[in-house]
Amino acid sequence: MKKDDKSQDKTYREVLDATKKLERAEARHDRIKSMSMEEKVLLLHSGNDNIKETFLSMMESEKWKMEAGEYPEPEMLEQMLSDLPKFTLIKGHTARTWEQVLTDYNKNSMLKLCRLLDAETVSGWNKTRLAASVVRTLTQTPMTWIGLYNEETVNLFEEIMGLATGGELDAFEMAYPLERLVLSGLIDLSFDEKTHSISVMVPENAGEAFRKMFYGSANQKLIVKLNGWEEIVRGACDMYGMVEIEHLLAIFRASGDKAPVNQWANFIKDRFILWEELYMFEKDEQFFVSLISEADCGEILAQRGKYPDLEYRDFTPEDIRDMYRHEYFPKQDYYREMVEKFQTNLELSEEMAESLTHHCTNLAMTGASIHEMMEMMEVMAGIGEDGERERIRRLVTNLRKKVPQYGLKGHSLEEVRGGYTVI
C-alpha cells in the first residue's frame, strides 16, 4: 500500500485504530513483559531457589550453551544429546485446591498474575482473595482462558490429567506450555533432588474447570477459531521473519476469516505479547509483528531498503500453515534434494542430513553468507577434502538461492534476481 493512499483506505484506518489500541495495551503490560522467566515460573510454587535454578538449567542446558555463531562438533553433539538431563514429570496427587496452589505465590507475584489476566484487585486484599479473583476470572471468562492456552498447552495438560498416579511424561522441551500451566496454577509442581524429576499434581477443581471450559460445546468453535488464527499469524511470522501489520491482516483475510479487526488485534496481544513469543514494534512509520527482537531487525530492514518497490511474496494459506507445523520446507524439492545429497556425498544418516539441511535453511532465511553457511558445515559435518568441500559448497549455494529470505519479504535470491537488481 502506497503511503499517499493510506488516508483513503478504510482497511488501513481499521488497522491503525487497532494498532493504537495494541500500543496502549503494550504500555499497560510493560511490567509483565519485563518479568523474567524466573519470576513467571515463580519458584515452581515451592519458594525453593534450588528448584528454580535446576528447572532453568534443564530448560536452557547452560552446560552446553553455544556462543552466537558457534556450532558443536559431531562428537560433542552426540555427547550433548546423551548428557542432557532427563526432565520427567511424574504424576502425584494433591488434596490442595486450585486457590491454595496459587497462594504459594508471594503477594507481589500474585498481583503480577492478576494484572496479567486482568483479574479484579482491591487494595488491601490478601493472597487468598487475590487467588480467588484469578480463579473467578479464568472460570467465568472463557475468552480469557482460551486465549491464554494454545493447542500445545492444552494437549500437555490433557496428557498430565490422563496420567495414572506414578505415570511419567518426558517434558524436556515443554518450557512454554509448562510455564503457562505453572503460572496460572493449573498444575502443582515439586522437585525431587535425588531423581532430578518433577512431581506434578492437578488440583481437583482446576481439572474440573478445565474440562468444563475446553469441552463445553459452547467453546468448541472458539477454540478451533483461535487455533486457526495462531497458525496463520505465527506461520506468517515464521515465513517472513517480520511482517508489517497491514500485510499480516491481508494474510489473515486471504485465509478466509472475516472477524472484526479489533478481535484479531486483541488475539495477537493476548496470545503473543503477554507470552513474548513474538515482538511488536514501530519502525519508519510502520508497525511490525516479528519473530525477531527490534534490536536485531536492523539488517533485515536495511536489506529491504535496497528494494523499495519489492512487495511481500504471496504464500498460500496452506503454505503458511505448513510453515507453522514445520512441514513447509521438507515438502520443497530443493530441501529433499539437499538431504539426499548430504546422505550420498557425506555418507550421513538421514537424521543427520535432515539436521544439517534444517540448519542451512535457517541460516539462508536470515540472509547468512555462503561463507557463514560453509563454516557451519565444516564444523558439524567435518568436511575435509577439497573435492568434497566444492560439492558441498555447490549444494549450499543452490539452497541459499532458493530459500525465502527475511530481508527479501519472503522472496528467494533466485526470484529477486529474476525481476530486480542483482544482489
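Me: What order do the strands of the open sheet have?
Reply: Strands of a sheet pair through backbone hydrogen bonds, either parallel or antiparallel. In this predicted model, an open sheet of three strands runs in the order E5-E7-E6, with antiparallel pairing. Two strands pair if DSSP finds at least two bridges between them. Helices (H or I, at least four residues) and strands (E, at least two) are DSSP runs, numbered from the N terminus.

Me: Which are the edge strands?
Reply: Strand E5 (242-244) and E6 are the edges, and each pairs on one side only. On average, neighbouring strands of this sheet are turned by 30 degrees against each other, direction ignored. Axes are lines fitted to C-alpha atoms, for helices over the stretch in contact, and angles run from 0 to 180 degrees between N-to-C directions.

Me: How many bridges join strand E6 and strand E7?
Reply: Five bridges join E6 (residues 279-283) to E7 (residues 286-290), in the antiparallel sense. Glu 282 faces Phe 287 in E7. The hairpin of E6 and E7 has two residues between the strands, and Asp 284 takes a positive phi near 50 degrees there.

Me: And how many bridges link E5 and E7?
Reply: Three, again in the antiparallel sense. Met 242 has Ser 290 in E7 as its bridge partner.

Me: Which helices lie across E5, E6 and E7?
Reply: Helix H14 (residues 245-254) does, at about 90 degrees to E5. Helix H16 (residues 298-305) also does, at about 55 degrees to E5. Contact means heavy atoms within 4.5 Å.

Me: What span should helix H13 have?
Reply: The expected span of a helix is 1.5 Å times one less than its number of residues. H13 (residues 217-240) has 24 residues, so it should span 34 Å; its end C-alpha atoms are 36 Å apart, which agrees. Just after H13, Gly 241 takes a positive phi of about 80 degrees.

Me: Where is confidence lowest, and where highest?
Reply: pLDDT is the predictor's confidence in each residue, from 0 to 100. The lowest mean, 39, belongs to helix H3 (residues 37-41), and the highest, 94, to helix H17 (residues 317-324). Over residues 28-52 the pLDDT is below 50, yet this stretch has 58 contacts in the model beyond near neighbours in sequence. The protein averages 77, and 73% of the residues score at least 70.

Me: Which residues and atoms count?
Reply: Residues are numbered from 1 along each chain as its sequence is written, and side-chain values use heavy atoms, leaving out hydrogens and water. Local features need pLDDT of at least 70 and side-chain atom pairs count only at pLDDT 80 or more, while totals for chains, interfaces and linings use all residues.
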